[in-house]
Amino acid sequence: MTTSTVLVLVEHAAGRLAKVTGELLTAARALGEPVAVLFGAPEVDDPLVAELGTLGVGSVLRVRDARGTTYLATPAAEALAQLVAQRQPSAVLLAATADGKEIAGRLAVLTESGLLTDITELHSDGTAVQEIFAGSTIVSSHVTVGTPIYAIKPGAIAPQPTQPTTPAVEELDVEFSVEGAQIVEEVTEPKGSRPELTDADVVVAGGRGVGDAEGFTLIEQLADALGGAVGASRAATDGGLYPHQFQVGQTGKTVSPRLYIACGISGAIQHRAGMRTAQTIVVINADASSPIFEIADFGIVGDLHTVIPQALAALAVRAG
Amino acid sequence: MTQPLNIVVLVKQVPDSGAPRSLSADATVDRESGDLVVNEMDEYAIEEALRLVKAHGGQVTLLTMGPEQAVQSIRKALQLGADAAVHVTDDALHGSCAVKTSLVLAAALQTLEWDLVICGAESTDGQLAVLSAMLSQRLGVPALTGARKLTIADADAGHAERIGRIERQTETGYQLVQATLPAIVSVWDTINEPRYPTFRDIMAAKSKPVTTLSLVELGISPSDVGAKGATSHVDDVAPRPSREAGVILEGDEQAGSKLVEFLVSRKLV
């Protein structure tokens with residue numbers, strides 16, 4: 001019996017693989033032999049191929065898009081649909097990012113297949129685990145129609161190291177029919193020196209209890225002392241205390257860091273949806289009845305304006 | 001002179017995300033035990049449609065797929081200011097997956113005249129965030145997804161067709177994305193600040209037309225949708241195991257230092 005092929009859409013940015021790509025490959029190996037599908041990569045001296053080799057990928061399909069214009073999701077979905085027809089994979093795996101989910105949705109329609117999104121575990125029998133309703137309920141499902149499409153939640157699966165390889169690269173020319181929405185410009189907004197919120201090992205987040213925009217300086221100082229990113233609750237972003245792009249929660253970003261420190265955040269269900277899978281949760285809040293204490297590993301009922309400076313001083317002593 | 005814009009806004013009735021939610025015995029979203037509300041992100045979609053129609057002229061129609069009781073949420077959504085609503089309802093739709101929901105909504109959209117379809121980027125219950133992409137694929141029109149800003153440029157000497165432009169939030173900033181109309185746009189809650197209905201709006205909503213559509217009228221077989229036609233199946237549902245209770249310090253003047261000791265003990269610093 002030959003091992004079945006699993007197509008994995010590689011996530012990358014600025015010439016580097018995204019962290020989730022390793023997670024996708026690990027998830028794919030539960031089902032068969034991953035074949036990496038690479039889209040929008042340079043054709044000469046591609047550093048991504050070598051990086052895929054370090055993750056044990058034996059086979060890379062590099063899709064060429066000769067049009068020189070970038071379109072949103074449609075070309076990747078069409079390319080994958082054609083690969084599904086040609087190669088008959090047992091499944092297609094993508095990252096459950098905004099782009100990945102859009103491609104997955106289109107692919108499901110194109111290939112008349114079922115899809116499952118935001119998967120946190122994938123088993124060898126094709127059963128996928130999802131956490132729904134702000135993470136309060138755990139559901140196992142499987143796809144019953146077509147070639148299963150699995151969108152894996154970034155940060156949920158621990159990537160397993162594998163034997164490095166030198167991948168065989170196959171160039172693919174794909175016929176594109178639809179043009180769709182055209183990306184006219186990519187704008188990078190200044191974010192300073194802190195790590196990306198969704199990638200950070202440590203997230204320090206502030207809520208309404210921070211008081212005012214100036215109070216967020218304390219949150220930033222604690223984040224910087226721990227090498228972490230800054231997050232904010234919806235109450236804080238809606239109240240103009242901190243920019244919207246840093247919002248953690250159901251309508252904001254989902255984070256899964258090793259350490260999450262919630263400062264002055266009451267912990268509405270919607271906020272917990274975005275951070276409850278953090279490994280260690282620390283809570284600083286003046287109100288002992290705040291629901292966020294229910295999920296705290298270490299909670300301090302107190303004023304963050306005195307607790308944080310004391311913690312900063314203690315961290316400074318340690319740092320020497 | 002600017003051309004009028006006819007806009008369809010997709011609206012979904014969901015359980016209130018601020019209260020505990022659960023699945024029913026058949027693994028569909030429980031719509032019996034809690035309060036049912038208009039999906040929050042849809043209010044931003046409605047607001048955006050109303051602002052566009054105010055600037056360009058045209059009509060806003062709401063489109064919902066859901067059980068009979070979803071009409072309550074349609075009426076609520078109409079209070080915000082749309083002109084009319086269409087309600088796709090059929091017992092056979094119960095348990096439909098996202099793929100089949102998009103099939104039904106695409107068929108319903110084909111019975112309506114529109115230049116733009118606007119929807120919330122995701123619902124608070126399913127949270128798949130795939131519907132706009134699926135509809136785009138089914139209808140063969142472009143999708144401008146995840147907008148935090150939307151503008152419509154009229155056709156002019158340079159462009160034969162009207163163009164929709166969005167700012168699309170990304171991890172590192174945003175993308176400017178454009179497409180010719182007709183198009184589908186999905187919006188995040190950063191796009192605007194939805195209005196509150198006035199007493200007059202609330203009264204006016206009572207007499208706005210709500211048309212219902214059944215599967216027969218859409219030419220879709222009942223066996224192709226609902227639980228029977230679903231493309232995935234739920235095997236098991238369980239509550240999340242609760243976290244072990246943590247250490248809570250109260251009235252401790254050394255709490256800040258103890259926090260650092262805790263982080264050290266967990267090898268987090």
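**Ground rules.** I kept the model's conventions in view: residues count from 1 along each chain as its sequence is written, while chains are lettered from A and ligands numbered from 1 in written order. Since this is a predicted model, local features need pLDDT of at least 70 and side-chain atom pairs count only at pLDDT 80 or more, but totals for chains, interfaces and linings use all residues.

**The interface.** I looked up contacts first, taking two residues as in contact if their C-beta atoms, placed from the backbone, lie within 7 Å. I found 75 residues of chain A in contact with 60 residues of chain B. Helix 4 of chain A gives the most to the side that touches chain B, with nine residues. I took helices (H or I, at least four residues) and strands (E, at least two) as DSSP runs, numbered from the N terminus. Other elements of chain A that each supply at least two residues there include strand 9 (137–143) and helix 8 (304–319).

**Across the chains.** Next I checked strand pairing, which takes at least two DSSP bridges between two strands. Strand 9 of chain A pairs with strand 12 (residues 232–239) of chain B, antiparallel, over seven bridges. Here I noted A:S140 opposite B:D236, a residue of strand 12 of chain B.

**Chain B.** I counted eight helices and 13 strands in chain B. Its C-alpha trace spans about 70 × 45 × 40 Å along its principal axes. Among contacts in chain B between residues at least 6 apart in sequence, I see that 69% join residues at least 24 apart.
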